[in-house]
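Dear colleague,

I am handing over the structure we spoke about, with its sequence. Please have it open while you read the notes that follow.

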Amino acid sequence: MRFLAIAPVVYSCTRANRDPYGKATVALKYALVHEWLTPQATGGSELVVQEILKHVEADVYALIDFESTNPESYLFKRTIGTTFLQRFPLARSGVQKYLPLLPLAIEQLDLRGYDVILSSSHAVAKGVLTGSNQLHVCYCHAPMRYVWDMTFDYLHNSTAGRGVQGLLTRYLLHRLRQWDVLSANRVDYFIANSKHTARRIWRCYRRPAEVIYPPVDTNRFRFQPQKQDFYLTVSRLVSYKKISLIVKAFNQLGYPLIVIGGGPELKQIQQLARPNVQVLGWQPDAVVEQYMAQAKAFVYAAFEDFGIAPVEAQACGTPVIAYGLGGTLETVRDVIQTGETGTGLLFYEQTETAIVDAVKTFERYQSALNPDAVRSHALSFSPSVFQDRYQAFLERCHREFQERLSL
């Protein structure tokens, strides 16, 4: 029987562990599996991977890897195991184009030499093959959205959803759902990035999940209680982020709005914006942090499983006006409902009218929002909180897993 020795800061895949009598036992080996590692993939799931690797000494695997050759990446010069997709044409720009092959590819990773498998999954990473004596803990950012919640959006907005090709696409998504449920049974313990995601995991897989919020680098953002007279939104400019709705709402309001971010909708949003709306495109971190700290409020209209940007804004003491569904229900406290502990205002329809009404309501309630309370709430999502909860949960999982093995 093997035991896990939890160090205060670092799990080691080479350090010897000790049994209850102090005798050294075989060292545990860790593997961390993520979907893809590219310079374009810089979202919340990648931040979770980065934070885990600060405290867990693990070998890293992914479908594709273009980060270990990127001098600006924390993974630079790191040895990373990949799949046959690494050699496919245009893989660097994303493997989603090879969607039917993703389950097959992830199952080709040979992880037999590891005691503990940690997966960071929003698509197929949780589907790696493991043995009965290997512990598999999955941090699930979301069940595959394009085969579950967003199926009909995907079909309606893509040429792949029409005609004969549409029938083939529907069949493919059907088979992916079957594989997704089957592969969930390969996980011993699930972690969800929000209560909303935990409910989705139960809905899709009928599996419970421990909620551990992802780490947000709150120290990166400067607290500034005095605000300037403009609103801000920062986002990738893609359709589901609903930036066009925000711009249309502010076109009506006439209030100053600054939009930061790049993406396929950039030109469309630039054309849509009236003089009171400045569309700055992509900006470096220092510029984003400056605007975050100075904004009167941060506006967020996306439906996300968690959503890091609203927490980053609150770290500056900047209140948030957000769509009240999904992760924002857990990260933004509505001032009307919570009073002096409020950190923003929620609206409940993704429409121009709802955003216009929310901003007007915010103008009335702005004085009731305390920047110190807003900042304090954001600190509950800091990396140190994530580290403590993640390490404690791993320790409990391993203890329970070893007890089952000994039966």
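Which residues of helix α8 (residues 285-294) are buried? They are V288, M292, A293 and Q294, where buried means under 20% relative accessible area, exposed means over 50% and partly exposed lies in between (1.4 Å probe, protein chains only). These buried residues of α8 pack against β10 (231-234), β11 (257-260), β13 (297-300) and α9 (309-315), a contact being heavy atoms within 4.5 Å. Helices (H or I, at least four residues) and strands (E, at least two) are DSSP runs, numbered from the N terminus.

Some words on the basis of these notes. This is a predicted model, in which local features need pLDDT of at least 70 and side-chain atom pairs count only at pLDDT 80 or more, while totals for chains, interfaces and linings use all residues. Residues are numbered from 1 along each chain as its sequence is written, and side-chain values use heavy atoms, with hydrogens and water left out. The protein averages a pLDDT of 90, and 92% of the residues score at least 70, pLDDT being the predictor's confidence in each residue, from 0 to 100. Over residues 1-25, however, pLDDT stays under 50, and the model has 70 contacts beyond four places in sequence for that stretch.

Turning to the sheet, seven strands form an open sheet with parallel pairing, in the order β5-β4-β3-β6-β7-β8-β9; two strands pair if DSSP finds at least two bridges between them. Its edge strands are β5 (80-81) and β9 (209-211), each of which pairs on one side only. Within this sheet, strand β3 (residues 30-37) and strand β6 (residues 116-121) pair in the parallel sense over five bridges, with Y30 opposite V116 in β6. β6 also runs parallel to β7, to which six bridges join it, and L118 has V137 in β7 as its bridge partner. On to β8, β7 is joined by four parallel bridges, and there the bridge partner of V137 is Y189.

Strand β7 is mostly covered, with six of its six residues buried: L135, V137 and Y139 lie on one side and H136, C138 and C140 on the other. Helix α5 (residues 195-205) lies across β7 (135-140), β8 (189-192) and β9, and runs at about 140 degrees to β8; axes are lines fitted to C-alpha atoms, for helices over the stretch in contact, and angles run from 0 to 180 degrees between N-to-C directions.

In the loop between β7 and α3 (151-157) lies R145, which counts as buried because its relative accessibility is 17%. Beyond its neighbours within four places in sequence, R145 is in contact with M150, T151, R200, Y240, F303, E304 and D305.

For helix α4 (residues 163-184), the 22 residues should span 32 Å at 1.5 Å a residue, and the end C-alpha atoms are 32 Å apart, which agrees; the expected span is 1.5 Å times one less than the number of residues. The buried residues of α4 are G166, T169, L173, L176, W179, D180, S183 and A184. They cover an arc of only 140 degrees around the axis, so they sit on the same side of α4, the arc being that of the directions from the helix axis to the C-beta atoms. The face turned away from the buried side of α4 carries the exposed residues V164, L167 and L168.

Finally, strand β14 (residues 320-323) and β15 pair in the parallel sense over four bridges, with Y323 opposite F347 in β15.

Best regards
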